[in-house]
Amino acid sequence: MPDTPATSFADLSLLVAEDEPFARKLTLATLQRIGIRKVTAVTDGAQALEAIAQAREPFHLIISDWNMPNMNGLQLLQLVREHHPHTPFLMLTGHADQDLVLAARAARVNGYIVKPFSAEQLRSKIAVTLGIKS
């Protein structure tokens, strides 16, 4: 987690891992609409790990799709927890399958967002996860 906690959405630095181009574009547009400007977008977990390693400052939040090539969201979450145990992590999923939810909880995910989601749902989930007054 960054040394300076964000106090508003405009201060946030996010990493989004989503392999599906339309879903990635929609997520990025939604983040822009709710006032988040500093977003790094990648297409799989392996690229996410590379972005984390190369970032000048830690990300305030990682949002990752569950199903991605090369490294899925659960594998990414597990590796993030090994090296950055306090970085908040939200999982995107097309369906809230109980086995997936239990596996992500065991890996200490901070929350889930079921696709499709509204801007208000995403804003609220980020605010609650990061403790930002909205």
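Contact here means heavy atoms within 4.5 Å. By that rule, Thr30, Leu31 and Arg33 of helix 1 meet Ala119, Leu122 and Ile126 of helix 5. This is a predicted model: local features need pLDDT of at least 70, side-chain atom pairs count only at pLDDT 80 or more, and totals for chains, interfaces and linings use all residues. Residues are numbered from 1 along each chain as its sequence is written, and side-chain values use heavy atoms, with hydrogens and water left out. Helices (H or I, at least four residues) and strands (E, at least two) are DSSP runs, numbered from the N terminus.

- An open sheet of 5 strands runs in the order 2-1-3-4-5, with parallel pairing. Two strands pair if DSSP finds at least two bridges between them.
- Strand 2 (38-42) and strand 5 (111-114) are the edge strands, and each pairs on one side only.
- From one strand to the next, the twist averages 20 degrees.
- Strand 1 pairs with strand 3 in the parallel sense over 4 bridges. Val16 has Ile63 in strand 3 as its bridge partner.
- Strand 3 and strand 4 run parallel and are joined by 4 bridges. Asp65 has Leu92 in strand 4 as its bridge partner.
- Strand 4 (residues 89-93) pairs with strand 5 in the parallel sense, again over 4 bridges. Here the bridge partner of Leu92 is Ile113 in strand 5.

**Burial of strand 3**

- Strand 3 is mostly covered, with 5 of its 5 residues buried (under 20% relative accessible area; exposed is over 50%, partly exposed in between; 1.4 Å probe, protein chains only).
- Leu61, Ile63 and Asp65 point one way from strand 3, while Ile62 and Ser64 point the other way. All of these are buried.

- Axes are lines fitted to C-alpha atoms, for helices over the stretch in contact, and angles run from 0 to 180 degrees between N-to-C directions.
- Helix 5 (residues 119-130) lies across strand 1, strand 3, strand 4 and strand 5. Helix 5 runs at about 135 degrees to strand 3.

**Helix 1 with helix 5**

- The two helices pack at an angle of about 70 degrees, with their axes 10 Å apart.
- Helix 1 and helix 5 are therefore roughly perpendicular (65 to 115 degrees; under 35 is roughly parallel, over 145 roughly antiparallel, and the rest oblique).
- By class, their contact has 4 nonpolar, 1 polar and 1 charged residues. Ala, Val, Leu, Ile, Met, Phe, Trp, Tyr, Cys and Pro count as nonpolar, Asp, Glu, Lys and Arg as charged, and the others, Gly among them, as polar.

**Helix 2 with helix 3**

- Helix 2 (residues 45-54) packs with helix 3 (residues 73-83) at an angle of about 25 degrees, their axes 9 Å apart.
- Helix 2 and helix 3 are therefore roughly parallel to each other.
- Gly45, Ala48, Leu49 and Ile52 in helix 2 meet Leu76, Leu79 and Val80 in helix 3.
- This contact has 6 nonpolar, 1 polar and no charged residues.

**Asp97**

- Asp97 sits in the loop between strand 4 and helix 4 (98-106).
- Asp97 counts as partly exposed, because its relative accessibility is 32%.
- Asp97 and Ala107 are 10 residues apart in sequence and 16 Å apart in space, C-alpha to C-alpha.
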